[in-house]
Amino acid sequence: MTLRDGCAVVVGSSGGVGGAVHQQLLDSGRFLQVLGFHRNSNPALDLLDEASIQAAARAVSQPGYVLRLVVDATGVLAWPGHQPEKSLRALSAEDMAHGFAVNAIGPALLMKHFLPLLPKDGKAIFATLSARVGSISDNHLGGWYSYRASKAALNQLVRTAAIELRRKCPEAICLAVHPGTVATNLSESFAKQGLSVQTPEAAAKCLLLTLEALTVEDSGQFLDHNGQKIPW
């Protein structure tokens with residue numbers, strides 16, 4: 001990814017994967033600017049507050065910033081008082097709404113405010129972290145209703161936004177990426193024994209190599225961390 005003239009943005013840079021991606025981008029020297037946003041950054045970015053998303057996008061749209069890469073490394077699986085649902089009887093409208101707000105609506109608002117900042121010419125990427133369990137056709141185990149559904153919704157939002165983006169920025173790429181199972185706060189309680197678990201640093205390195213190899217034909221796709229397509 002030879003984007004030395006550009007700016008890279010990592011949303012969720014205080015998290016495990018996001019922090020590792022942010023640090024590796026800084027270390028790479030491939031971008032003139034590398035900006036990290038999270039709830040305590042300056043400006044702060046909270047996925048549940050569209051005004052804060054707009055303020056972060058405004059900070060990037062300054063003269064001299066050519067936005068070439070956005071990595072959205074946000075997401076929520078469990079939080080105090082909520083665990084992934086194993087059955088229908090565990091569903092809560094309030095919990096489902098929160099999961100969708102963070103995993104689908106928040107990233108959609110990121111696309112709303114950041115995709116218009118991508119240049120009309122040259123390679124540019126918006127990548128959001130999805131999850132393999134968001135694949136409908138690959139769902140053979142059930143459970144995790146809210147997380148699965150919110151990530152499936154995210155995938156559809158990415159696919160739809162990529163179609164619109166291509167009309168305005170034909171060389172830009174918008175896609176969903178599954179980073180694999182990573183040793184972070186999100187997954188540590190749910191990684192099955194025997195499952196291959198990566199460190200955040202290893203996951204970030206693999207993710208950035210995958211992004212570097214992307215072509216415009218990958219826009220609108222759902223890929224794993226090795227660049228292989230995941231069925232919808």
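In this predicted model, the axes of helix H1 (residues 16–28) and helix H5 (200–212) come within 8 Å of each other and cross at roughly 60°, where helices (H or I, at least four residues) and strands (E, at least two) are DSSP runs numbered from the N terminus. The axes are lines fitted to C-alpha atoms, for helices over the stretch in contact, and the angles run from 0 to 180 degrees between N-to-C directions. H1 and H5 are therefore oblique to each other, given that angles under 35 degrees count as roughly parallel, over 145 as roughly antiparallel, 65 to 115 as roughly perpendicular and the rest as oblique. H1 passes H5 in a right-handed crossing, a term used when the near helix is turned clockwise from the far one by less than a right angle, anticlockwise being left-handed. On the H1 side the contact (heavy atoms within 4.5 Å) is made by Gly16, Val17, Ala20, Val21, Gln24 and Leu25, and on the H5 side by Pro200, Glu201, Ala204, Lys205, Leu207 and Leu208. By class, eight of these residues are nonpolar, two polar and two charged, where Ala, Val, Leu, Ile, Met, Phe, Trp, Tyr, Cys and Pro count as nonpolar, Asp, Glu, Lys and Arg as charged, and the others, Gly among them, as polar.

Residues are numbered from 1 along each chain as its sequence is written, and side-chain values use heavy atoms, with hydrogens and water left out. Because the model is predicted, local features need pLDDT of at least 70 and side-chain atom pairs count only at pLDDT 80 or more, whereas totals for chains, interfaces and linings use all residues.

The residues of the contact of H3 with H4 divide into 13 nonpolar, four polar and one charged.

Glu85, in the loop between strand S3 (67–72) and H3, is buried at a relative accessible area of 2%, buried meaning under 20%, exposed over 50% and partly exposed in between (1.4 Å probe, protein chains only). Not counting residues up to four places away in sequence, Glu85 touches Ala90, Leu91, Met96, Gly143, Trp144, Tyr145 and Ser146. Trp144 itself, in the loop between S4 and H4, is partly exposed at 25%, and it has a positive phi of about 50° although it is not a glycine.

Leu115 is found in the loop between H3 and strand S4 (124–129) and is buried, with a relative accessible area of 9%. Beyond four places in sequence, Leu115 touches Leu110, Phe126, Ala161, Leu165 and Cys174. Cys174 leads on to Ser219, whose side chain has a polar atom 3.1 Å from the backbone nitrogen of Cys174. Ser219 lies in the loop between H5 and strand S6 (222–224) and, at 8% relative accessibility, counts as buried.

Elsewhere, a cis peptide bond with omega of about 5° joins Asn42 and Pro43, and Pro43 lies in the loop between strand S2 (33–37) and helix H2 (50–60). Most residues other than glycine have a negative phi, and most peptide bonds are trans.

Technical notes
A polar contact is a pair of N or O atoms within 3.5 Å; within protein, one must be able to donate a hydrogen and the other to accept it, and residues adjacent in sequence count only if both atoms are side-chain atoms.
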